[in-house]
Amino acid sequence: MDASGEQRIDVRFVLSGQDFALSADVVTERLRHRRPEEIRTHWVEVEGVRFPVKQALEAALGINRTEFTSHAALLQFRRLGLVTSQRTRPAGVPARRPPARKAAQVSVEEAGAAFATLVAFLRQAPLTEGVGALEHALVGVDAQRAEAIGNAAGLTSDLLEAALIVRTNVGRVSDVIHATVIALALPVILEDGETVTERPSLGPGNDPSRLFDLATNRRVAEFKVAVWSGGDVVRKRALVADLVHLAMDGSGRRPELWAVGTEPARFLRTSTSPVGELLGRSSPHLQHRFTHRYGTSAIPLREFTATHARHVELLDITDVVPAVAAALR
């Protein structure tokens, strides 16, 4: 208990697979008779003395400082309410932060630091459980207590800024993966005498001038790089749209549908859902073409795959780009 009778809030977190609990009193006790090392960038102040954050957390936890980053240490000291090299403010005093910068104004180093801060927070405890506990803890509190609880949980302005930076900078990571998978697949799948005849669609979506992700003098192909995880309604709809698109191609080239793992092909071969229903979110033009070609939208998917689309090869990306297989483990 502190002088006000409030229960002291310890922080609990995970580093290198180990569970830890820490309080400001423990940090103070374990640093009291230590000499601070040279400060290069980040520090924490304990009883008026500034220590490098990695030295401080190493002493407080008794683990080697190579097991965590400076930003992971900063996060925990901030949660304890200690003054650090990242600006802190007293409870009840409104924050005066500089205007947020655009993503392009954030350096690569700053983006990396933001990512480290976010990862350190996400690794400290299961997010769903932590949020649930926080929701219960906030019932009946006043403004000052709400701020203390939020800080103890690590939900600070610095964390929000880090999360926003990460979201902005990695928002197109799926596009990078899609483009890289196709680039790595090409040297493996192209046969002797086979050449790419049209500009590949390495980015998201296709356009009227590029109907497929890949078009060669022998094949047309679509690539679905998303890893299925169980709740895959959107991915299933997109996969079916690509299957239909490939099945209706009249160029005479070999149609191929590449996806990650065996689950997408299993879905196409076993689902009894009507194709028209699965195309419900696709373009009206594709839906009209399907109905016009096959006379009805009620064909069960497994029947369509086995008959009208039997010439479309269903292939596994992990067979030609093994690195993608790691996502399935």
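**Labels and the values behind them**

Visitor: Why is F115 called partly exposed?
Guide: The relative accessibility of F115 is 46%, and since buried means under 20% and exposed means over 50%, F115 counts as partly exposed. This is a value from a predicted model, and the residue is found in helix α4, which spans residues 108–123. The C-alpha atoms of F115 and R167 are separated by 9.4 Å, although the two residues are 52 positions apart along the chain.

Visitor: What makes the contact between R32 and E47 a salt bridge?
Guide: A side-chain nitrogen of Lys or Arg has to lie within 4 Å of a carboxyl oxygen of Asp or Glu, and the side chains of R32 and E47 meet at 2.9 Å, N to O, so the pair is called a salt bridge. R32 lies in the loop between α1 (24–31) and β3 (43–46), while E47 lies in the loop between β3 and β4 (49–52), so the pair ties together parts that are 15 residues apart in sequence.

Visitor: Which accessibility labels do R32 and E47 receive?
Guide: R32 has a relative accessible area of 40% and is partly exposed, whereas E47, at 53% relative accessibility, counts as exposed, because the cut-off for that label is over 50%.

Visitor: How many salt bridges does a search of the whole structure find, and which residues are linked in a network?
Guide: The search finds 16 salt bridges, and the residues linked in a network of such bridges are E191, E194, R218, R219, R254, E256 and E313.

Visitor: What makes β5 and β8 edge strands?
Guide: The open sheet is formed by four strands in the order β5-β6-β7-β8, with mixed pairing, and β5 (214–215) and β8 each pair on one side only. Strand β8 (residues 313–316) has a covered face with L314 and D316 and an uncovered face with E313 and L315.

Visitor: How do you know that β7 and β8 pair?
Guide: Two strands pair if at least two bridges are found between them, and β7 (residues 254–259) and β8 pair over four bridges, in the parallel sense. L314 in β8 is the bridge partner of L257, and A259 stands opposite D316 in β8.

Visitor: Which helices lie on this sheet?
Guide: Helix α8 (residues 173–189) lies across β5, β6 (219–224) and β7, and runs at about 140° to β6. Helix α9 (residues 233–247) also packs on the sheet, touching β6, β7 and β8, and its direction makes about 175° with that of β6.

Visitor: Why are the buried residues of α10 said to be on the same side?
Guide: In helix α10 (residues 263–270), the residues P264, A265, F267 and L268 are buried. They cover an arc of only 155° around the axis, which puts them on the same side of α10. The buried residues of α10 pack against α9, β7, α11 (275–278), α13 (301–306) and β8.

Visitor: What share of the protein chain is buried?
Guide: Buried residues make up 37% of the 329 residues in the protein chain, which has 13 helices and eight strands.

Conventions
Residues numbered from 1 in each chain as written. Predicted model: local features only at pLDDT ≥ 70, side-chain atom pairs only at ≥ 80, totals over all residues. Heavy atoms only, no water. Helix = DSSP H or I, 4+ residues; strand = E, 2+ residues; numbered from the N terminus. Buried < 20%, exposed > 50% of the residue type's maximum accessible area, 1.4 Å probe, protein only. Contact = heavy atoms within 4.5 Å. Axes fitted to C-alpha atoms, helices over the stretch in contact; angles between N-to-C directions. Arc of directions from axis to C-beta.
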